[in-house]
2 protein chains.
Amino acid sequence: MSAAGGRGARDASRLIRTANRYRVLRQVLADGPVSRPALAAATGLSRATVATVTGELHRRGLVRVAGFEDSAGGRPAALLAMDPVGGALIGVDMAETYVHAELFDLTLRVLATVRLPLAPGEDGPELVVERTAEAVSRVRERGAPPGVPVLGVGVAMPGMVDREGGVSVFAANWDWHGVPLLGLLARHIPYRLYLDNPLRATTVAELWFGAARGRRDAVVVNLGTGVGAGLALGGAVHRGASNSAGEWGHTTLVHGGRSCRCGRHGCVESYVGAPGIIRTLTEVAPGSALLRPGDQMGTIAALAAGSAAGDPVARRVLEVCADQLGAAVADLVNLLNPEVVVLSSWVAREWGAPLLEAVRGAVGRYALGRPLASAEIVLSPVEGDPVSLGAATFALEGALA
Amino acid sequence: MSAAGGRGARDASRLIRTANRYRVLRQVLADGPVSRPALAAATGLSRATVATVTGELHRRGLVRVAGFEDSAGGRPAALLAMDPVGGALIGVDMAETYVHAELFDLTLRVLATVRLPLAPGEDGPELVVERTAEAVSRVRERGAPPGVPVLGVGVAMPGMVDREGGVSVFAANWDWHGVPLLGLLARHIPYRLYLDNPLRATTVAELWFGAARGRRDAVVVNLGTGVGAGLALGGAVHRGASNSAGEWGHTTLVHGGRSCRCGRHGCVESYVGAPGIIRTLTEVAPGSALLRPGDQMGTIAALAAGSAAGDPVARRVLEVCADQLGAAVADLVNLLNPEVVVLSSWVAREWGAPLLEAVRGAVGRYALGRPLASAEIVLSPVEGDPVSLGAATFALEGALA
Ligand SMILES: [Zn+2]
Ligand SMILES: [Zn+2]
C-alpha cells in the first residue's frame, strides 16, 4: 500500500513491475532450476505475470532454460535458473581500514575477492576512491570470464549516504562532509554505480538471500563496532525521508547513561557495540585476562570462547550484554511488530549461539506478549561478507529497475 | 514498493486501485470543490486514472458535481465535492469509562454525538457491547437525515485488536482475553463494522485530515493516560505482523528505571503517560498545590496552566517531561527518519504550545543531525475527538476498498 505515498499511477505501476521482477528473481535464485508454474505458486503471482516477467529476464540474459521437467501428458515444462554468464556484479565493502571488493556471478556466488588495506591517515576521499577503483579493476580482471559484462558495482560505505545525489554527508571517523562520492567514483570506475551504507547493504542481503526472504516485516540488527537496525518493511527496505532510517544505535537505552561517541548519553550502541561490550567487561572484571588491549575483535573472540567454555567472567558479561541487547531488541519488537529479527555482523557471528539464546531469553522478558509471539529471532544465515553481498545486490536491483 | 510483500499480482493491483481511491478522495475532502485536472495535478495521478476513480466515486454516490469552472475557451470543467447526503459514517470511541459515538457526513463533519457513561464494574463484554449498540442506534436516530445510508461503523477500543478475526485479545483494565468482539457487535449493530484500537484510529485521522496528509512517513505520538506511536509509513498505517505495531509506550527509556503497569521497568509510558508526569510532579515538589488527588486530567490541566503562568514547579515538571519525551521522540526520529512527528491526544492538547516548544528543543538535543533535519514536529491540527473521527475513517476506507 505504500504505493499511495508514491508520485503517480505511472510510478506506481513501474514500482509494481519492479517488485514483481524482484520477487520472481528472488525465487529463481532460491529454488532454480524451477518451472514457471512452480514460480507462480511460490510467488503468488499469476501465470501470465510470471510468463511476462521471466520472458523479460530471459531476454536480458539474466535467466536461462536449465532443463525440462516431465509434466503428466502435457508438453515438458522449462526449468529456469540464473544464467551464471549472463553478467557479473561487483560489491564493495568500503570501511575505514580497508576496501573489500568481491565479484559475483548472477547466482551471487563469489568468483573473486580483493582486499586492499587503508593505512591510518589514508582517509582523504580522493585516495579512498582511487583505492576503491583499484580494487574494482583488480577483482574484475581476476574473476570475470571474458565476454561477461559487469552489470553494476554496489558500494557500501559507513555513515549517512544520500543515494540520489550520491553524496556522502557523514562518516564517523573519516570526518567527510558533503563529499560528492558518487561523482568521484564515476570518474574512475566504468560501470553503473550504486551507493549506500553497510546497514542497508546487510538488510538487502537478508531480504534476497537471508532470513528476511519472503517475510513482510523484518528487522536486521547489525552488531559490530557500531550498531544499527535495518528495516525491511512490506518486503522492501524502509529508507525514511532522507535515507537515514535505522539509527537504532543512537536510540536511548539508559536516559542519562554512558556517554556515546555521537555526543549523547545512554545510546544503545554505547552498551552493545563492541567498545560498549568491552567497557562492560572492564566494569565487571577490571584487569580481566579476557581483555586484549587495543584489539577489539580479539577481545570479543576471547569473550565468545570464554562464555562457551563456562568462564564466569565471560558468562557474566554475556548475561549483562544480552540483557541490554534484549531490552533494545524488545523495543524494536514492540514498536514495529516484525515477523523476524535477524542478528547480523561480526559480533553476532563471533558470539553466535550463546548470544542468540541469551538474547531470546531477554527479549522474552522485555517484549509485550502479542508482538513477541509473532517475532522469530535468528542469527543471520548469510555466509561470507554480507556487506559486499548486499552492495552487489543493489547493483542487481539496479539492473532490474 | 511494499506491494512486494503482498500476496500476488491481483492483490497488488487491487491495493493500487484502493490506494488511488484513497488519494483522490483525500484530495476531494481537502480541496473540494475541485476539478479533475486540479486533482490530477495535486495527486500526481494521470488524468485517465483520475477520470476512472472519480467516475467510480460518483457512481457510488460519494462524490457529486458541485459546480463548474470556466476554462479558457474549452468546455467548463466540473468541480467535484463530497456528496454530504451520499452516506453517513459512524465512529465509536469505546473507552473504559464511556462509549462515545459520533455520526459524520461524507465530509467528515459531525452531525450528532452521543456519549454514554460506563460505571465502574460495567466492564463485561456483553454489557459494553449493548451500550455501544445503544450509542450507535441513538446517534443514528439523532443525526442521519432520512434516506441517507450508514456506510459503516468504525469502533476503536483500547488494547490489542485482531482486525481480521475481530477479536479483542487484551484490554488493560477490562481484563478481556480472546473476546470475539466483532461477532458480538454484529449481533446488535446492523451496519458494516470495522474494529481497531485508538492509536491506529488517531493515526488514520492524521493521514486523512491532519498533519500526516500527503506525507510519506509520519509518526503520530499519542500522549494520554497511555502513550503509543502510530506509524504511517509509505502513506499507509504500518500494522506489523499481528496488528500490534506502535507500542512505543513500552519501549525502554531508562533501562531498569521506574516500574510500569505492563510489569516491566523504565518504559517511556511510565515517564510521559499522564500518571508518569504526575509522579514526576510528586518527585519534583511533594505536596504541590498543582496536584489534584484522584484527578488525572485536573492535575495535567493545573500543570499546563501553571507552566503558562510561569509557576516554577510547573515549569520544572515541563522541563523534565519534555526532556524525557524529547529523548523518546528522538528515538523515533533516529530509527524511522519520518517527515513529520505529530503530538496528539489529550495531554498534548492540554499542554499545547509550551510542551511543543520544549519537546522541539529536547529532540534537537537528542536526535542525530540528518534525520532531525527532515523531521517536522507539530501539534495535531485535528479538531474534536480524533479517535471517533479515525474510527469513522476506517468505515470510509472500508467503503472504498
Ligand atoms: Zn549515540
Ligand atoms: Zn511498560
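**Exercise 1. Count the residue pairs in polar contact between chain B and chain A, then work out which parts of chain B sit at that interface.**

Step 1. There are 32 residue pairs in polar contact between chain B and chain A, both residues at pLDDT 80 or more. A polar contact here is a pair of N or O atoms within 3.5 Å; within protein, one must be able to donate a hydrogen and the other to accept it, and sequence neighbours count only if both atoms are side-chain atoms. Keep in mind that this is a predicted model: local features need pLDDT of at least 70, side-chain atom pairs need 80 or more, and totals for chains, interfaces and linings use all residues. Residues are numbered from 1 along each chain, chains are lettered from A and ligands numbered from 1 as written, and side-chain values use heavy atoms, without hydrogens or water.

Step 2. Now the elements (DSSP runs numbered from the N terminus; helices are H or I with at least four residues, strands E with at least two). On chain B, H1 (9-31), S8 (160-162), S12 (227-233), H10 (312-336), H11 (346-366) and H12 (369-373) each supply at least two residues of the side touching chain A. H10(B) gives the largest share, eight residues.

Step 3. For salt bridges (a Lys or Arg side-chain nitrogen within 4 Å of an Asp or Glu carboxyl oxygen), the tally across this interface is zero.

**Exercise 2. Find the protein donors of the zinc ion (ligand 2) and name the geometry of its site.**

Step 1. Look for donors (N, O and S atoms within 2.8 Å of the metal, or 3.2 Å for Na, K and Ca; water is not among the atoms, so sites may look incomplete). You get B:His250 through ND1, plus B:Cys260, B:Cys262 and B:Cys267 through SG, at 2.0 to 2.3 Å.

Step 2. Check the angles: they run from 105 to 121 degrees, so the site is tetrahedral (four donors, all angles between 85 and 135 degrees).

Step 3. Read off the spacing along the chain: H-x9-C-x1-C-x4-C.

**Exercise 3. Which peptide bond at A:Pro33 is cis, and where does A:Pro33 lie?**

Step 1. Start from the background: most peptide bonds are trans.

Step 2. The bond from A:Gly32 to A:Pro33 is cis, with omega near -5 degrees. A:Pro33 lies in the loop between H1 (9-31) and S1 (34-35) of chain A.

Step 3. Over in chain B, a cis bond joins B:Gly32 and B:Pro33, with omega about -5 degrees.

Conventions: Tetrahedral: all angles 85-135°; square planar, octahedral: opposite > 155°, others 65-115°.
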